[in-house]
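Subject: Structure handover

Hello,

Here is the structure I said I would pass on. My notes on what was found in it follow below.

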Amino acid sequence: MAGRTTFPAGGYVLAGGRSVRMGSDKALLKLHGRPLIEHAVNKLRRICSDVHILGSDTELGRYAPLVPDLHPGCGPIGGMEAALLRSPFDWNVFLAVDMPFLPAAYLWGWMSEWMGRKDDGARIRMLTADNRPQPGFCLLHRDVTPFLFDAIRRGDLKLVRVFEEAGRELARRRGFPPEAGCWTAPASGWGTAPGTVKLPDWCYVSDAQRAVEHLWFANMNTPRDFAEAEANVAALDA
């Protein structure tokens, strides 16, 4: 995958939340002059062939095409179901709108790594930070779609639990060990290393971004979180 900056994958921004603790729609909060939704869309456009926003607020449609939930009120699982049903790609990237400090370079480095691998049985890929799964950034294969539908039907909306169950069953069906189906890895250690092929500057994590690594997977939920973000705008993607 060396030398390319986009991959054959759909990109979806999770932006359908109610933002109760923030007090206003955080997707439209401006950070360093741009709303969070614009930061997220621009990040995914650097690595994905096609980018959409999961949500129904028409104001968000100014930044990318919208994909509304088929089953409203079901949280992120509802958006992911709608995305996988419409996507023309086998693999699809999901990014929460309130994670503006996760560098596009980090996403690109991780995508470069796993897209170049042979089939290892995984149909779900996500990271862990501080020993906690981070489903706000994940990659799902279209094979996961019926499992999301079934989870919604029975009212089980806990992402990590649904992912783990789907991964085990998909691995079993494809002849892989059960633990292979949901591929998780520590958030540290991923990124873009200098190589022989010249890549754009944004493909490399900057010193300013490294300095706020604790914010990469931090969801911006409250006014206090937003104030901390405003104090660290130098670490946003250029």
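Of the 238 residues of the chain, 51% count as buried. The model is a predicted one, and every value in these notes is computed from it.

Overall shape

The chain holds seven helices and nine strands. Its radius of gyration is 17 Å, close to the 18 Å that the globule rule gives for 238 residues, so the chain is as compact as a globular protein of that length. Along the principal axes, the C-alpha atoms fill a box of roughly 50 × 45 × 30 Å. Taking contacts between residues at least 6 apart in sequence, 71% join residues at least 24 apart.

Helix 2 and helix 5

Helix 2 covers residues 76–86 and helix 5 covers residues 159–173. The two pack at an angle of about 45 degrees, and their axes are 10 Å apart. An angle between 35 and 65 degrees is neither roughly parallel nor roughly perpendicular, and helix 2 and helix 5 are therefore oblique to each other. On the helix 2 side the contact involves Pro76, Ile77 and Met80, which meet Leu159, Val162 and Phe163 in helix 5. By class, this contact has six nonpolar residues, with no polar and no charged ones.

Salt bridges

Side chains of opposite charge can pair when their charged atoms come close. The structure holds 13 salt bridges; the notes below include three of them.

In one of them, the side chains of lysine 43 and aspartate 237 meet at 2.7 Å, N to O. Lysine 43 lies in helix 1 (residues 36–45) and aspartate 237 in the segment after helix 7 (223–230), so this pair ties together parts that are 194 residues apart in sequence. Both lysine 43 and aspartate 237 are buried.

Another joins the side chains of arginine 174 and aspartate 119, at 2.3 Å, N to O. Arginine 174 is in the loop between helix 5 and strand 9 (182–186), while aspartate 119 is in the loop between helix 3 (104–115) and strand 7 (124–129), so the pair ties together parts that are 55 residues apart in sequence. Arginine 174 has a relative accessibility of 27% and therefore counts as partly exposed. Aspartate 119 is partly exposed as well, with a relative accessible area of 41%.

A further salt bridge is formed by the side chains of aspartate 156 and arginine 161, at 2.8 Å, N to O. Aspartate 156 counts as buried, because its relative accessibility is 11% and the cut-off for buried is under 20%. Arginine 161, at 42% relative accessibility, counts as partly exposed. Aspartate 156 and arginine 161 also belong to a network of salt bridges that links Arg154, Asp156, Arg161 and Glu165.

Histidine 52

Which part of the chain holds histidine 52? Its place is in strand 4 (residues 48–54). Histidine 52 has a relative accessible area of 7%, so it is buried. Leaving aside neighbours within four places in sequence, histidine 52 is in contact with Gly11, Tyr12, Val13, Ala64, Pro65, Val67 and Arg86. Arg86 is one of these contacts, and residue 86 falls within helix 2 (residues 76–86).

Regards

Note on methods:
Residues are numbered from 1 along each chain as its sequence is written. This is a predicted model: local features need pLDDT of at least 70, side-chain atom pairs count only at pLDDT 80 or more; totals for chains, interfaces and linings use all residues. Side-chain values use heavy atoms; hydrogens and water are left out. Axes are lines fitted to C-alpha atoms, for helices over the stretch in contact, and angles run from 0 to 180 degrees between N-to-C directions. Helices (H or I, at least four residues) and strands (E, at least two) are DSSP runs, numbered from the N terminus. Angles under 35 degrees count as roughly parallel, over 145 as roughly antiparallel, 65 to 115 as roughly perpendicular and the rest as oblique. Contact means heavy atoms within 4.5 Å. Ala, Val, Leu, Ile, Met, Phe, Trp, Tyr, Cys and Pro count as nonpolar, Asp, Glu, Lys and Arg as charged, and the others, Gly among them, as polar. A salt bridge is a side-chain nitrogen of Lys or Arg within 4 Å of a carboxyl oxygen of Asp or Glu. Buried means under 20% relative accessible area, exposed over 50%, partly exposed in between (1.4 Å probe, protein chains only). The radius of gyration is taken over C-alpha atoms; the globule rule is 2.2 Å times the number of residues to the power 0.38.
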